[in-house]
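What follows is a walk through a predicted model. Keep the sequence at hand while reading.

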Amino acid sequence: MAKIKKGDLVQVISGRSQARGGDRGKQGKVIEVLVDQNRVVVQGVNYVTKHVRVGQTQRGTKTGGIETHEAPIHVSNVALVDPETKKPTRVGFRTETVTKDGVEKTVRVRYAKKSGKDL
């Protein structure tokens, strides 16, 4: 089970501070998780400009130019945000037994280490 998943609220914990033009301290939702590269794409963080070749769609409208979008950052540079305190926290796992229709099942649950709340 992954510590950070798509849709989680995370905070950037390393890099240049916002006063120096960086993203440290910014919070955003995870748009995409790139498991094989150990990277995540966070909404509103690590904007880069990309030059796209000018082309035409089938309707005849022009596409391309300079676009800005989020680039992936390494998983170690972000921390999950505690739902209770809204501050970064570590992630823990605990096993719980859930009874459904008379059948017991053991399930791994993610929780915030600072507050103990389930994620």
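In this predicted model, the charged end of Arg 94 lies over the ring of Tyr 111, at 4.3 Å from the ring centre. A second contact of this kind involves Arg 108, whose charged end sits over the ring of Phe 93. Here the distance to the ring centre is 4.5 Å. How many aromatic pairs does a search of the whole structure find? The number is zero. A pair would need two ring centres within 6.5 Å.

The strands come next. Strands of a sheet pair through backbone hydrogen bonds, and the pairing can be parallel or antiparallel.

Strand E1 covers residues 9-12 and strand E2 covers residues 27-34, and three bridges join them in the antiparallel sense. In this pairing Leu 9 stands opposite Lys 29 of E2.

Another antiparallel pair is made by strand E4, residues 47-56, and strand E5, residues 62-70, with eight bridges between them. Gln 56 faces Lys 62 of E5. E4 and E5 form a hairpin with five residues between the strands. In that hairpin Gly 60 has a positive phi near 100°.

Technical notes:
Residues are numbered from 1 along each chain as its sequence is written. This is a predicted model: local features need pLDDT of at least 70, side-chain atom pairs count only at pLDDT 80 or more; totals for chains, interfaces and linings use all residues. Side-chain values use heavy atoms; hydrogens and water are left out. Two strands pair if DSSP finds at least two bridges between them. Helices (H or I, at least four residues) and strands (E, at least two) are DSSP runs, numbered from the N terminus. Rings of Phe, Tyr and Trp (its six-membered ring) pair if their centres lie within 6.5 Å; planes under 30 degrees apart count as stacked, over 60 as edge-to-face and the rest as tilted. A charge sits over a ring if NZ of Lys or CZ of Arg is within 6 Å of the ring centre and within 35 degrees of the ring normal.
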